[in-house]
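Morning, everyone. Please bring the model up on your screens.

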Amino acid sequence: AAGHVRLPLSKAIRRFCIECAGGSMDEARKCVAVDCVLWPFRMGTNPWRPPLSDDERERRAKGLEKSRRYGR
């Protein structure tokens, strides 16, 4: 009813940052407002997510290759 569109959280954060930066994607990238609670997430990353293990990275790469091969 309020006109909101469903978005992944990362895209919603990115839109907020771009709006805060006066509509400039370049300025959002260069943001120095480190006091902002969204600052660590502004480039679509989660700095608190643990890195993938080598095994998991390899498993995902194989799945991606398989998907590309079969057009999924």
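**Rings and charges**

Let's start with tryptophan 48, which counts as exposed, at 61% relative accessibility. The cut-off for that word is over 50%. Keep in mind that this is a predicted model.

Now, how many aromatic pairs does a search of the whole structure find? The answer is 1. Phenylalanine 41 and tryptophan 48 have ring centres 5.2 Å apart and planes at 50°, so the pair is tilted. Why tilted? Because stacked needs planes under 30 degrees apart, edge-to-face needs over 60, and the rest count as tilted. Phenylalanine 41 is partly exposed, at a relative accessible area of 22%.

Next stop, arginine 42. Look in the loop between helix H2 (25-29) and helix H3 (54-69). Is arginine 42 buried or exposed? Buried, and without a salt bridge. Which side chain of opposite charge is nearest? Glutamate 27, and it is 10 Å away. A salt bridge needs the two atoms within 4 Å, so that distance rules one out.

What does arginine 42 have around it, then? Tryptophan 39, for one. The arginine 42 side chain reaches the backbone oxygen of tryptophan 39 at 3.2 Å. Arginine 42 also lies over the face of tryptophan 39, 4.1 Å from the ring centre. Set aside the neighbours within four places in sequence, and arginine 42 still has contacts, among them Ile13, Cys17 and Arg29.

One sits in helix H2. Arginine 29 pairs with aspartate 26, with the closest N and O atoms 3.6 Å apart. The two are 3 residues apart in helix H2, so about one helical turn separates them. Both partners are partly exposed: arginine 29 at 41%, aspartate 26 at 35%.

Over to helix H3. Arginine 60 and glutamate 56 meet in a salt bridge, 2.9 Å from N to O. They are 4 residues apart in helix H3, again about one helical turn. Arginine 60 is partly exposed, at 46% relative accessibility.

Further along, arginine 69 forms a salt bridge with glutamate 65, closest N and O atoms 3.1 Å apart. These two are also 4 residues apart in helix H3, about one helical turn. Arginine 69 counts as exposed, at 53% relative accessibility.

One last point on salt bridges. Where they share partners, they join Asp26, Arg29 and Lys30 into one network. Find those three on your screens, and we're done.

Definitions and conventions: Residues are numbered from 1 along each chain as its sequence is written. This is a predicted model: local features need pLDDT of at least 70, side-chain atom pairs count only at pLDDT 80 or more; totals for chains, interfaces and linings use all residues. Side-chain values use heavy atoms; hydrogens and water are left out. Buried means under 20% relative accessible area, exposed over 50%, partly exposed in between (1.4 Å probe, protein chains only). Lys and Arg count as positive and Asp and Glu as negative; His and the chain ends are not counted. A polar contact is a pair of N or O atoms within 3.5 Å; within protein, one must be able to donate a hydrogen and the other to accept it, and residues adjacent in sequence count only if both atoms are side-chain atoms. Contact means heavy atoms within 4.5 Å. Rings of Phe, Tyr and Trp (its six-membered ring) pair if their centres lie within 6.5 Å; planes under 30 degrees apart count as stacked, over 60 as edge-to-face and the rest as tilted. A charge sits over a ring if NZ of Lys or CZ of Arg is within 6 Å of the ring centre and within 35 degrees of the ring normal.
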